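Visitor: Please show me the structure, and then I will ask about its parts.

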Amino acid sequence: MTEVDLIIKNAHVFNVYLRKFLDTQVSIKNGKFYWINKELPNLKAKKIIDLQGKYLIPGFVDAHMHIDSSMTTPKIMGETILKYGTTTIVADDHEVTNVAGIRGLKEFINEDSPIDIFFGIPSSVPSTNPQMETTGGKIGVTEVKELLKDPRFICLGEVMNFKDMTSDKDTLIKKIINTCHQTKPTMPIEGHTPAYHDEDLAKILYAGVTTDHTQQTGDLVNEKIRNGMFVEVQLKSMHPDVINTIIDNNYFEHVALVTDDSMPDTLLNGHLNLLVKKAIKMGMKPEDAIYISTYTPARHMGLCDRGAIAPGRVADFSILDNLKELSIVDVYKNGISEKGIVKNDSKDEFSPKSLTNSVTAHKLTKQDLLLKTNLVDNGSVTANIIQINPVGTFTNHVQKKLTVHNQIVDWKSANLALIIVQERYGLNQSKFSFGLADRGITGDGAVGATWAHDHHNLMVMGTNIDGMINIQHQLINQNGGYMVAKGKEIVANAPLPIGGVVSNQPMKILGEQIGNVRKNLVELGYKNTNEIMSFSTLSLLVSPNLKISDKGLFEVKSQKKVPLFEK
């Protein structure tokens, strides 16, 4: 007689290979599924659970996400999302890597977590090049070769630099991709390919990219899958045309649901389970929605020991009492209930040395923020302006004529907001650049953060100069964060002392802090489906169309520098 640790009876068990539920019994031995069958003769169990008709599904596998984009640590992330059914993640932690390089990355990922974490090698540190942005770390071929020796790194993290990836020259990113192919030929190459199609898409695929997770449309999903690309669907891509395209064309083998960037206030309510639930509400069969959040992401990432309830697989699973509502009763990791794994919700004492005291910049004055031009003494200039969209992270490049008096530009009368991005690593004498935003803050106040993708320099935008200065000073004083001022008074503050991008507070506290930042941003007139990410990606030089760094304004696709003013 074989002894097992656990037998589960009277459950509707999801079989990913048949994509349907079967009434069967499940046994678990040493943290893995052992025998799954209608009857389990000759098995002796230390514990037996009768689920009385509840549902059993594999643990969710999130194949594309960023722990540091959730502004938290591996430990707190695991404690937070395990109860939502996510048991395995593949994290591309390029935020801390941009701050502190490979040393910072290694320190960050070595923290224990109650879930299984695999990693993508950060491919875009910086996301463009040192001529366009200043970062605290750089990843080159030498660093990639070192990380490839670590079995936890199972893919190349999202490749962002379209120009260098598709160049005729032997660029750094092409060398990185070739290094990965030579060492691990089957390694997935994650891509960041927003809105690219036709020959541009062919160029990206030809360069070796296998996957895309960016904002999708039904037509893009069709084109990418038709050309052999695996498509990861995040929340902002879950529109009817995308979901219906997947359903109508039976694309379930070629897609996965992923979270990408989950905001801390969102994590108070759920994780990948929220996307699965939404897919079901949008018309996808529960079996298909579960399939593309368990088996297909695990298979795509080569994680053949999980994503299914089958003999020899890791015993990660959730118990549901309502399939359509995806109501989770309990989650098991390695055959052990989450309730016995996560003991508390306390502050994380994790403090990696290379990610402490990382904000080095001089404090600015009101005089520093006078926006001047030497094109004319009095009259007008044409300004190149970042126009923020109400949905997504793409921006528009627009122009407006602004009045100039004694070489000082009057941007306020045009209902614009002033932006500054200041180098914060002490590498460029804390220099900063100016920008202007349309549809940003319209009320009297300011917003600022060192969580500014992907270079994470110090960025402040506002209509109130005193508020901007107070935020800039406080970000330096507390070594990073995300904050909002109304008038000159700071009314919302989420400190991020680990590299200026991560908090060590429990998710409940961090989520409430970011929720307060979001609430005040909205009250100041900022309009976007994700206000936090929208502001922070004004500095992301690989997300179309016009973005800003400490080096100035840049047109994303061509990577050409754009002057703030033209005569």
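Visitor: Is Thr179 buried or exposed?
Guide: This is a predicted model, in which local features need pLDDT of at least 70, side-chain atom pairs count only at pLDDT 80 or more, and totals for chains, interfaces and linings use all residues. Residues are numbered from 1 along each chain as its sequence is written, and side-chain values use heavy atoms, with hydrogens and water left out. Buried means under 20% relative accessible area, exposed over 50%, and partly exposed in between, with a 1.4 Å probe and protein chains only. Thr179 has 7% relative accessibility, so Thr179 counts as buried.

Visitor: Which residues is Thr179 in contact with, leaving aside its neighbours within four places in sequence?
Guide: Thr179 lies in helix 5, residues 172-183 (helices are DSSP runs of H or I, at least four residues, and strands are runs of E, at least two, numbered from the N terminus). Contact means heavy atoms within 4.5 Å. On that basis the residues are Val141, Val144, Lys145 and Leu148.

Visitor: Why do the buried residues of helix 10 line one face of the helix?
Guide: In helix 10 (residues 272-281), the buried residues are Leu272, Asn273, Leu275, Val276, Ala279 and Ile280. The arc is that of the directions from the helix axis to the C-beta atoms. Seen down the axis of helix 10, the buried residues line one face because they fall within an arc of 160 degrees.

Visitor: How many residues does the contact take from domain 1 and from domain 2?
Guide: The domain assignment, automatic or from a database, gives domain 1 (59-306) and domain 2 (356-566). Their C-alpha centres lie 27 Å apart. The contact takes 42 residues from domain 1 and 47 residues from domain 2.

Visitor: What volume does the largest cavity have?
Guide: On a 1 Å grid over the protein atoms alone, a cavity is a set of points where a 1.4 Å probe fits but cannot get out, and lining residues have an atom within 4 Å of a point. Points are joined across faces, edges and corners, and a volume is the space filled by probe spheres set on them. The lining of the largest cavity draws at least three residues from each of domain 1 and domain 2. The volume is about 60 Å³.

Notes:
1 Å grid on protein atoms, 1.4 Å probe; cavity = no way out; pocket = protein on both sides within 12 Å on 5 of 7 lines; lining within 4 Å.
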